[in-house]
Structures are given as structure tokens and as C-alpha cells.
Amino acid sequence: MTEPEAPPEDPTVVVSPMLRRHIPEVVAIEARTYPRPWSAKLFEEELDRRGRCYLVARVGADVVGYAGLLMIADDGHVSTVAVDPDVQGRKVATRLLVELVRGALELGAGQLTLEVRASNRRAQALYGRFGFVPAGARKAYYGDNGEDAIVMWAHDVATDEYAERLASIERSLPSPTVRHAFTPGATPETGTVGGRTLAAQVAGRSARLHPAAPMPTGATGASSAQSSGNGRMKS
Ligand SMILES: CC(C)(COP(=O)(O)OP(=O)(O)OC[C@H]1O[C@@H](n2cnc3c(N)ncnc32)[C@H](O)[C@@H]1OP(=O)(O)O)[C@@H](O)C(=O)NCCC(=O)NCCS
């Protein structure tokens with residue numbers, strides 16, 4: 001008699017600040033998911049700017065997705081979200097967005113916004129779960145095919161009601177997200193979370209199972225923040 005097959009394990013997904021060393025893998029996913037991918041240089045510049053939150057999701061040693069946000073006054077602009085096509089549909093983007101919203105809240109966001117291709121129903125459904133609603137369109141926003149962008153906003157994100165929405169999304173996940181936060185230290189590897197340059201504590205002790213201490217916060221108010229280097233939000 002053969003043993004019944006064990007159910008496949010849900011892989012542990014670690015979400016942490018994006019560091020320079022992650023950029024080659026990030027750019028490789030970019031190339032597979034966007035018609036006009038951002039360059040490594042553009043990501044590097046973003047990591048150096050204040051009022052940014054850039055995160056990666058990793059399974060084992062591999063980067064499988066990433067997300068970014070920049071602050072303009074108290075508006076958090078989601079600039080990018082992408083997941084390796086090989087692992088799409090497994091809640092990696094949901095995990096990234098939960099942490100990205102937390103990063104935005106720590107940067108002082110009162111509301112969040114993004115642009116999404118009119119045809120990108122999957123992303124729109126994802127954002128809808130996070131309370132984003134369509135608020136208008138930008139005609140022919142995307143230069144590659146002239147497609148319209150739908151502008152979406154999530155209002156009142158710094159409220160108990162919104163916190164409950166986030167908690168409910170987290171409860172729906174099949175396993176907790178492991179969050180690696182980076183605190184100032186003496187290691188040479190630096191990254192940026194919320195505009196503060198931080199050294200990565202890559203030791204296992206910095207990993208905590210959710211619920212965990214918040215990601216390090218940085219200064220609010222990215223007055224110099226404009227849309228990312230190439231003059232557009234990509235989301
Ligand atoms: C959009 C994207 C980031 C979603 O990543 P993902 O990890 O697959 O998303 P998740 O597994 O967390 O799924 C979140 C929601 O997306 C939708 N979704 C995910 N996979 C889907 C699929 N195969 N078909 C339809 N909807 C799907 C669902 O609404 C899902 O929520 P649900 O599982 O509760 O129904 C990913 O498809 C991607 O990288 N696309 C290319 C880049 C892109 O379009 N980025 C967004 C720019 S605005």
C-alpha cells in the first residue's frame with residue numbers, strides 16, 4: 001500500500017527592504033513582467049532617495065517579487081509591484097502590499113494612489129482588496145501601446161477601519177509572512193527604507209514571525225519626490 005502524498009508545503013515568504021544586491025534579480029523580473037522595464041540604475045537611484053519604501057519578497061535565496069512606493073506630501077504613490085511569473089497567483093503580491101502599506105503608514109501616508117493599465121484586471125482586483133477604488137483615467141498614459149491608465153485611490157488608510165482590512169487580508173494568507181527589518185549597524189550592505197540609509201542585519205535574529213516589530217521608519221515628507229526617475233509611475 002502506498003503512503004498518501006503529503007500536501008505541498010507553503011513556502012516561507014520573507015519580505016524585507018530592497019538592497020542593492022537584490023537589484024539584478026529585481027531587474028530580471030522587471031524584464032519578464034513589464035514592456036518597458038526600469039533599469040538597474042533607476043532602482044539604485046530610487047533606493048538612494050528619501051521618502052521611499054522598496055521591498056523584496058524572497059523564497060529561500062531567490063527574489064520572487066518586489067514593490068515600491070514614494071511619498072508626495074501625505075500621499076503614498078505605489079510606483080511598482082511585480083511578481084516572478086513562475087510564482088504568480090500564490091499571494092506574493094498580497095504579502096508585499098500588506099508590508100508596503102505598513103511602510104507607507106510609517107512614512108505618514110493618509111491615502112494611497114497608483115496607476116494601473118485599463119486592461120490589467122488582475123492587478124485591479126488585487127488593489128481592490130486593499131481598498132483602492134477607480135477615481136479617473138489618464139488617456140494614453142502608457143507609451144508602448146497608448147493604453148489608458150486607471151487612477152486608483154485608497155482613502156483613510158491611517159484609520160482603525162483600514163487596519164482591520166489589512167489584518168483581515170493577513171488572516172486570509174495560508175501562512176505568516178516573515179518580515180526582516182534592518183536596523184542601523186556596522187555591516188557594509190546598505191539599503192533604504194523610508195529614506196533612511198540603513199545597514200542590514202542579515203543575521204537570523206533579525207527575522208521575526210508576524211506579528212513583528214515594524215519596519216524601521218524614516219523621515220516623512222518627500223518634498224523632492226517626484227514620479228520615479230523616468231517620469232512615470234509604473235504600477
Ligand atoms: C499583478 C501581480 C503583481 C499579482 O501578483 P500575484 O502574486 O500573482 O498576486 P496574488 O497571488 O497576491 O493575488 C492577488 C489577487 O490578484 C488576482 N489574481 C492573482 N492571480 C490571478 C490569476 N491567475 N487570474 C486572475 N486573477 C488573479 C486575484 O484577485 C488575487 O486575489 P485572490 O487570490 O484573493 O482572488 C502579478 O500578476 C504581476 O507581477 N503582474 C505583472 C506586473 C503587473 O502587472 N504589476 C502591477 C502593475 S499596476
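Visitor: Hi! Which residues have the most contacts inside the largest nonpolar core?
Guide: Those are Leu55, Tyr66, Leu96, Leu97, Leu100, Val101 and Ala104, in a core of 48 residues. A nonpolar core here is a set of buried Ala, Val, Leu, Ile, Met, Phe, Trp, Tyr and Cys residues joined through C-beta atoms within 7 Å. Buried means that 20 or more other C-beta atoms, placed from the backbone, lie within 10 Å of the residue's own.

Visitor: And which element gives the largest share of this core?
Guide: Helix α3 does, with nine residues. Other elements giving two or more residues include α1, α2, β3 (62–72) and β5 (111–117). Helices (H or I, at least four residues) and strands (E, at least two) are DSSP runs, numbered from the N terminus.

Visitor: Before we go on, what kind of model is this?
Guide: This is a predicted model, where local features need pLDDT of at least 70 and side-chain atom pairs count only at pLDDT 80 or more, while totals for chains, interfaces and linings use all residues. Residues are numbered from 1 along each chain as its sequence is written.

Visitor: Back to Val101, then. What is Val101 in contact with?
Guide: Leaving aside neighbours within four places in sequence, Val101 is in contact with Leu112, Phe130, Val157 and Leu166. Contact means that the C-beta atoms of two residues, placed from the backbone, lie within 7 Å.

Visitor: At what angle do α3 and α5 pack?
Guide: Helix α3 (residues 92–106) and helix α5 (residues 160–171) pack at about 150°, and their axes are 10 Å apart. That is why α3 is roughly antiparallel to α5, a label for angles over 145 degrees. Axes are lines fitted to C-alpha atoms, for helices over the stretch in contact, and angles run from 0 to 180 degrees between N-to-C directions.

Visitor: Which residues meet there?
Guide: Thr94, Val98 and Val101 in α3 meet Leu166, Ile169 and Glu170 in α5. By class, this contact has four nonpolar, one polar and one charged residues.

Visitor: New topic: how far apart are the axes of α1 and α2?
Guide: They are 9 Å apart, with α1 (residues 23–33) and α2 (residues 40–48) packing at an angle of about 125°. The two helices are therefore oblique to each other. Ile23, Pro24, Val26 and Val27 in α1 meet Ala40, Phe43 and Glu44 in α2.

Visitor: And how many helices and strands does the protein chain have?
Guide: There are five helices and eleven strands. Of the 235 residues in the protein chain, 37% are buried.

Conventions
Parallel < 35°, antiparallel > 145°, perpendicular 65-115°, else oblique. Buried ≥ 20, exposed ≤ 12 C-beta atoms within 10 Å, placed from the backbone. Nonpolar A, V, L, I, M, F, W, Y, C, P; charged D, E, K, R; others polar.
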